[in-house]
Amino acid sequence: SNISYIDKSIGVETSFNGLNFVLNGDLSTQKSMLDLNLSANKSNLSFDNVNYLKNTELSLDASVNADLENMRFDLSQNSLKLNQLTLILDGNIKINPENYELNINWNAPSNEIKQIVSLIPYIYRKDVDALSSSGNLTCKGNIKGIYSDTKLPNFDLIIDLAEGKLKYPDLAHSITDINMSLSVNSQNNDLDNMNIDLSKLSFNFGSNPVDLKLKLASIISDPYFELSANSKIDFGLLKNVIPLENTLEGVLSADINFKGRYSNIENENYNKLDASGKIELNQFVTTSSDFPYNIKIEKLKMLFKSNTIELDPCKMNIGKSDFDINGKFNNYISYIIDDNQKLKGNLILRSNLTDSDELLAEESSDKTEEEPLEVSPLPKDINLNINASISSLKYDSLNYKNINALCELKNGHLNIK
């Protein structure tokens with residue numbers, strides 16, 4: 001059979017094709033051994049237009065020692081398979097008139113790293129089946145306690161990975177030294193007590209190291225977060241490790257740290273946040289079929305503080321046009337977290353040549369005259385004041401010299417003075 005469920009109000013779509021359920025056992029006695037099998041040839045799950053499962057094979061094989069008089073069910077020899085992750089389940093469930101008593105443990109018997117990779121949303125792991133992998137993986141957890149309309153059970157999840165390695169078959173180098181330690185813990189009948197601790201996630205793209213850490217707590221009442229990211233990536237070497245659609249060159253360095261509570265962001269108490277770090281990009285070049293010109297960033301440096309990002313300098317070329325930009329962005333943390341917030345900033349832009357004819361050129365000459373002209377709207381969630389000075393501006397085959405202007409981008413409108 002085929003089953004689908006769509007809830008547009010929350011952006012959830014799920015479907016099961018080729019769904020089969022088989023139950024064997026004697027339900028006429030007080031105690032019985034039940035064997036059940038649940039399978040779906042194609043399982044799909046999307047949330048907010050992101051595919052988490054796509055045509056995934058799902059299966060559950062279970063043997064249940066059922067005490068039908070007391071409604072207690074002991075699990076034994078049970079396996080749940082989702083993508084490439086197989087979990088072994090044991091424990092028991094007791095069904096009471098107004099609640100459920102749960103005591104369930106699970107673990108992954110295989111140490112294949114691809115099991116964890118297969119849980120990454122589908123759009124980010126299209127080539128996972130072709131990967132070769134190695135590493136020592138531990139994945140285990142439990143649920144214990146009362147579940148009802150007013151109570152939640154305690155649960156734990158632990159994932160540890162050591163000395164992991166992934167390699168694409170057609171590329172020269174591997175993703176190596178993959179190490180991860182993740183624990184998720186919730187106690188005392190309250191999701192606000194949940195603690196998420198990604199104490200380590202590190203790996204090397206060839207000779208490019210990446211190190212991430214994340215902690216979350218009080219996620220319901222007033223989320224507390226700690227985030228640190230440290231990396232150095234040579235894009236020229238990256239193409240030997242992971243498949244890239246576009247040509248990339250240059251070196252990215254990042255060292256960022258954030259710590260604080262959401263209430264301080266909401267109330268604009270930015271002095272109570274601990275935010276620091278920098279991102280640097282040098283000699284970056286990208287070529288893409290989407291653009292008729294190259295984009296080159298000679299040097300970009302962003303300094304992160306509690307409520308500001310200082311941009312100094314940003315030297316870049318887009319095709320024939322050159323830009324030298326510096327300035328400051330405000331309110332960036334609120335902008336990232338809250339969809340209703342706007343990014344604000346003040347920039348100084350200098351250019352020797354701005355070739356608008358090249359920048360605004362149509363991507364293809366195949367369009368017919370009957371096709372309407374498409375206009376790309378300006379962002380409504382970014383408010384910028386730009387002090388611009390352009391030595392030479394080329395527009396509609398005309399050349400304009402020594403242009404000075406004060407530009408205001410606000411609510412999707414650009415005003416030039």
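Reply: The following account takes up confidence, then the charged residues, then the backbone.

The model is predicted. Its chain has an average pLDDT of 86, and 93% of the residues reach at least 70. Residues 363-368 are a stretch where pLDDT stays under 50, and for these the model has three contacts beyond four places in sequence.

The structure contains six salt bridges. Among them are those that join K278, E280 and K299 into a network. A second salt bridge pairs K299 with E280, with 3.9 Å between the closest N and O atoms. K299 belongs to strand β17 (residues 295-304) and E280 to strand β16 (residues 274-287), so this pair ties together parts that are 19 residues apart in sequence. The members of the network may also be described by their accessibility. E280 counts as buried because its relative accessibility is 17%, under the 20% limit for that class. K278 has 36% relative accessibility and therefore counts as partly exposed. K299 is likewise described as partly exposed, at 30%.

Another salt bridge joins the side chains of K315 and D324, at 2.8 Å from N to O. K315 counts as partly exposed, at 32% relative accessibility. D324 is partly exposed as well, with a relative accessible area of 26%.

D322 is buried but has no salt bridge. The nearest side chain of opposite charge is that of K315, at a distance of 8.9 Å, and a salt bridge requires a separation within 4 Å. K315 instead has a salt bridge with D324, as described above. The side chain of D322 does have a polar atom 2.9 Å from the backbone nitrogen of N352.

S202 lies in strand β12 (residues 195-205). With 10% relative accessibility, S202 counts as buried. Apart from residues up to four places away in sequence, S202 touches D177, I178, N179, V210 and D211.

There remains the backbone. Most residues other than glycine have a negative phi, and most peptide bonds are trans. The peptide bond from D312 to P313 is cis, with omega near 0°. P313 is placed in strand β18, residues 308-318. Positive phi values are found at S397, near 65°, and at N411, near 55°. Neither of these two residues is glycine. S397 is located in the loop between β22 (382-395) and β23 (398-410), whereas N411 is in the loop between β23 and β24 (413-416). S397 is exposed, with a relative accessible area of 62%. N411, at 36%, is partly exposed.

Methods:
Residues are numbered from 1 along each chain as its sequence is written. This is a predicted model: local features need pLDDT of at least 70, side-chain atom pairs count only at pLDDT 80 or more; totals for chains, interfaces and linings use all residues. Side-chain values use heavy atoms; hydrogens and water are left out. pLDDT is the predictor's confidence in each residue, from 0 to 100. Contact means heavy atoms within 4.5 Å. Buried means under 20% relative accessible area, exposed over 50%, partly exposed in between (1.4 Å probe, protein chains only). Lys and Arg count as positive and Asp and Glu as negative; His and the chain ends are not counted. A polar contact is a pair of N or O atoms within 3.5 Å; within protein, one must be able to donate a hydrogen and the other to accept it, and residues adjacent in sequence count only if both atoms are side-chain atoms. Helices (H or I, at least four residues) and strands (E, at least two) are DSSP runs, numbered from the N terminus.
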